[in-house]
Amino acid sequence: MKKLKFITCFTLFIFGTQLYAQYAAVKDLTTRQFPWLKNKVVLKEISKENDEDVFVIETKKDKLYISASSTSAASRGLDWYAKHVAHQSISHMGDNKSQLAKLPQINQPIKKKSFVPYRYALNYCTINYSFSFYTWEEWEKELDWMALNGVNIMLAPVGTEKVWYNTLIKMGYSDEEAKAFIPGPAFTAWWLMGNLEGWGGPVSNQLIDQQAELQKKILKRMKELGIEPILQGFYGMVPHDLKTKKGYEDAPVIDQGNWVFTEFTRPAILVPTTSHFENVANIYYDEMKKLYGNDIKYFGGEPFHEGGKTKGVNVPEVAQHVQQTMQKNYPNSTWVLQGWQNNPSDDILKGLKKENTLIIELFGENTDNWYKRKGYNGTSFIWSNVSNFGEKNGLYGKLQRFIDEVYRAKNSEYGQYLKGVGIIPEGIINNPVAYDLMLDLAWQDEKPNLDEWLKNYTIYRYGKENQDIINAWKGFAQTVYSSPEVYQEGPSESIYCARPSLNVNPVSSWGTRKRNYDIKQYKEAVKLFVKADEEFKNVETYQTDKIDFLRQVWADKGDDAYARMVAAINYQDKERIQKAGNNFIEMVKLQNELLGNSKYFTLNRWVEEAKDFGKNLPDAQNVMYNAKGQITFWGPDTLPRTTLRDYAHKEWNGLLGSLYLERWKVFVENSINGKISNPEDFYKMEVEWSKKQDLYQPKKSTPEEFKKLQAKILE
């Protein structure tokens, strides 16, 4: 009997130790984000229900009890309590948190299940348009946000630079040659997607090592929080000069030509059905294991992305060999592919083991490839929204469509292949409502009513219920966040950010200046929102959103001012040109002044991140050049008519007040003197501006100054 008691106690001890280790990260997360809950959370493991993640939250006296089927579900349970009971939240654009002395009580236990196994996050582009210069401090909060929102699978390619550097050195490349393949820190996404090589570099060994050490911290924390990382697999991408290297003279490579017309030389593709491919892949995966472990379950990356060349190869066999080599090195791993344009092609899908393939439906707010392609020919997929391109400012997100399409997919004949919902924005520091809603859908028992969901959103985003704010958000849902049946890649662009011309349409390639909403109705909704200003004057989330909403009103007004200026120029009346031009320039200045009142709309935040990222690096100056080049001419710096210029433009304080203002001043002055501005002159101006190391410290308005700004915007 004593022996039996000992075994029972020992078993309970081991189980308790394992449970503590599993959920310790959730307790640490609680302390970091909601310190008033420290030592008040009790965690318990429960089983999944019908293979679905589940959590139950309840309060007993001064304790919050979270019963959950996984670490991810437990974190989501914590978030649900914080948002819907305590009315607190964190976001990419401000936090609504306060120290509570008393634990808010739950009347009846709350139970939620995720009807999909995957809750996914991130686009390759997010890694650069949002996170290029993140250090561990920023990444720690990022991962907290992911965990709280239930994300359990996330793209995590940081540190791939070191894998590739080590691989190329072992293949016979010199230190200088290996680094020439690797891009600068603001352009790694397009390198990983096989669109370019080396641009923004060369990078230093110290930068490569810094990113590798950062990735180790990221992966460790992700594992603790129950978030599966998607690392970069080897799909055949190699330097375009591979055949010049000893031992690879006869390597069968497919030249991939140029990306974006003639602007960037793409890496080549080493044909995967050859022994050369297997040899390079084995080196690559061996280096990955040394750096980041042998327990990775998911890999991204795909050949022939965005118009890659496939001539002369059997595409199904290519796909089969890429996956087989991946699984040989990481048994039973899954290949994650992007559902974008014609990717992945039917030929690629033919060669894959479906049980080890997962497709991210990228552009769900505008397309339904999952339906047209019959559930990607019977392949597991995750429904996602992009919403933002280039991290351009602008209010946008087809909220009702998110809801409708997810539940249409769930209840369709292809519903069995819907395995997740997710967010895949090119930039995430914008429109927090779009990302909250998408990730929340995974935990909704029934299709939610948008107005009711938004009411609850306003309560946890701002801290309490306010009818003016609720009514304002109904107006936003009918305007900037409506779901018109029109194709649109991201938010409507601001004319203030455009390279000046007589026909700015659009501001950036693939963008749009068209407003697919009633701008008068939108402005009335903003007027309702600002009525609550005094009540929420100390709430960061409210103040951030207020500035964003005012920014959009002023951007909308800019279109009419631009049209009047162009009309004056075409009429060739100097007096009219001067008057209309000066008015437009004053509007740019006002927008710059407005946006200086929130760090989320300042160039200073971005360049300070770059400065901090590069402070211990010999290439610190080039890091800053990367930061400023990405948001202006993008690259390269030898081709004035580059298609990508202003693709990632920002309606930011500091950028409006310097480069954008100077461009418009030159345009107006030239127009007064009867000259047509040369676009190439602006290009030279953009490149020179990007070389400067200024930090653009913002100047905040006084309360009285801000009231005048607000009144002018809303008049």
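Author: Gladly! In this predicted model, 16 residue pairs are in polar contact between domain 2 and domain 3, both residues of each pair being at pLDDT 80 or more.

Reader: What makes a pair between domain 2 and domain 3 a polar contact?

Author: A polar contact needs N or O atoms within 3.5 Å, one able to donate a hydrogen and the other to accept it. The count of such pairs between domain 2 and domain 3 is 16. For salt bridges across that interface, the rule finds zero.

Reader: Which elements of domain 2 touch domain 3?

Author: Helix H3 (126-129) and helix H8 (205-225) are the elements that give two or more residues to that side of domain 2. H8 gives the most, with four residues. By kind, the residues on this side of domain 2 divide into 19 nonpolar, 15 polar and four charged.

Reader: How do you know how much area is buried between domain 2 and domain 3?

Author: Buried area is the accessible area that two parts lose on being put together, summed over both. For domain 2 and domain 3 that comes to about 3200 Å², with carbon and sulfur atoms giving 60%. Phe 133, Asn 393 and Leu 395 supply 24% of the area that domain 2 buries against domain 3, more than any other three residues.

Reader: Why is the pair of Asp 53 and Arg 119 called a salt bridge?

Author: The closest N and O atoms of Asp 53 and Arg 119 are 3.1 Å apart. The limit is 4 Å between a side-chain nitrogen of Lys or Arg and a carboxyl oxygen of Asp or Glu, so this pair qualifies. The two residues sit 66 residues apart in the chain: Asp 53 in the loop between strand E1 (41-45) and strand E2 (54-60), and Arg 119 in strand E5 (residues 118-121). In total, the structure holds 53 salt bridges.

Reader: What makes the bond from Asn 505 to Pro 506 cis?

Author: Its omega is near 0°, and the bond is cis. Pro 506 lies in the loop between helix H17 (467-477) and helix H18 (519-530). Another cis bond runs from Gly 635 to Pro 636, with omega near -5°.

Reader: What is the phi of Asn 39?

Author: Asn 39 has a phi near 65°, a positive value in a residue other than glycine. Most residues other than glycine have a negative phi. You can find Asn 39 in the loop between helix H1 (2-33) and E1.

Definitions and conventions: Residues numbered from 1 in each chain as written. Predicted model: local features only at pLDDT ≥ 70, side-chain atom pairs only at ≥ 80, totals over all residues. Heavy atoms only, no water. Buried area = accessible area lost by both parts, 1.4 Å probe. Polar contact = N/O pair within 3.5 Å; in protein donor to acceptor, adjacent residues only side chain to side chain. Nonpolar A, V, L, I, M, F, W, Y, C, P; charged D, E, K, R; others polar.
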